[in-house]
Amino acid sequence: MKILNVYRSAPDDTTKKLVEIVTRDRDADSFDLNVDAPDYDALVDKIFAADQTICWW
Amino acid sequence: MSKSLGIFVTNPDQFKHVMGITKAAKAKCSKVKVFFSWDATHNAKKEAGFPELCKIADDVSICVDSYKNMGYDINDIPEGLEEKAMATQAQHGIIIEDYDCYLSL
Amino acid sequence: MEYNKVCLMYRNQDCTIDGIRSALGLAVENMYAYGCVMDEPKMEKFNELQAESLEMLRDMEGDVFATTAANCELNDLEPITIEELGEKLREMTHIIPYGIIKA
């Protein structure tokens, strides 16, 4: 199971804890949307490659 | 064949990402459906790019109950949408059930 | 047939009610749908319609959890810790951090 964690803002302690548990013993990747010019092409590739995408607050 | 992508939007501040991701997915020949709920229905009236999104994506709809709750007249259909796109939460169900990939924004 | 299991998480009082409505909408579509009210501030007391929505969700094997005792007591929500929520999320096919975080 490959999880993609997408972050709309810098993750706080609660989000970090949930990510840690959800991705435990699983293949995980991440993408930061909270930048000036996100590489949407790369993000879509990552979404298509993942089994589950979680877009955190 | 590219995977299909469904996007569920509940945050009104994410519209530029909705556009960016939709454009990138369409460039890969993906089928894209976008559904706006709650606060994010403001995007349909306040984002200048909303009509363009409706042209680019394969299917765009908004939650009509949310739209009403945000203070809009349900007969005031946003530019780019048809009346049938003033829809219910069932559209969210379609995204989950029928699309290969899911993204919430 | 494998049924989808969806959990929506709310960290903003303003979108909690709509988020629960959204969970109910998915339960109607034959999914296992859950909601979780996280953080402070304290929720407002459910009105009759909102309390009925919660009951309908539970009738369809869904539920709404809350991470604070005050919110659980006020609206009859199931208590859950962040650690327990994390474990529950591992079972989900779809995880939805709903809306925005109110500062």
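Predicted model: local features only at pLDDT ≥ 70, side-chain atom pairs only at ≥ 80, totals over all residues.
1. Chain B brings 18 residues to the contact and chain A brings 14.

2. Have a look at the charged pairs here too. There are 2 salt bridges across the interface of chain B and chain A. In one of them K28(B) meets D41(A), with the closest N and O atoms 2.7 Å apart. Polar contacts between chain B and chain A come to 4 residue pairs, both residues being at pLDDT 80 or more.

3. Which parts of chain B face chain A? The elements giving two or more residues to that side are α1 (15-27) and β5 (101-104) of chain B. The largest share, 6 residues, comes from α1(B). Sorted by class, the side of chain B that touches chain A holds 8 nonpolar, 7 polar and 3 charged residues.

4. Now move to the contact of chain A with chain C. It takes 16 residues from chain A and 19 from chain C. About 1,500 Å² is buried between chain A and chain C, with carbon and sulfur atoms giving 57% of it.

5. Salt bridges turn up here as well: the interface of chain A and chain C has 2 of them. R24(A) pairs with E87(C) in one, the closest N and O atoms being 2.7 Å apart. You'll also find 12 residue pairs in polar contact across the interface of chain A and chain C, both residues at pLDDT 80 or more.

6. On the side of chain A that touches chain C, α1 (13-22) and β3 (52-56) of chain A each supply at least two residues. Helix α1(A) gives the most, with 6 residues. The classes on this side of chain A split into 7 nonpolar, 4 polar and 5 charged residues.

7. Chain C itself has an open sheet of 5 strands in the order β4-β3-β2-β1-β5, with parallel pairing.

8. Finally, confidence. The mean pLDDT of chain C is 92, and 97% of the residues score at least 70. Within chain C, confidence is lowest in helix α1 (residues 13-28), at a mean of 90, and highest in helix α4 (residues 82-89), at 98.

Note on methods
Residues numbered from 1 in each chain as written. Chains lettered and ligands numbered in written order. Heavy atoms only, no water. Contact = heavy atoms within 4.5 Å. Salt bridge = Lys/Arg side-chain N within 4 Å of Asp/Glu carboxyl O. Polar contact = N/O pair within 3.5 Å; in protein donor to acceptor, adjacent residues only side chain to side chain. Helix = DSSP H or I, 4+ residues; strand = E, 2+ residues; numbered from the N terminus. Nonpolar A, V, L, I, M, F, W, Y, C, P; charged D, E, K, R; others polar. pLDDT = per-residue confidence, 0-100. Pairing = 2+ DSSP bridges. Buried area = accessible area lost by both parts, 1.4 Å probe.
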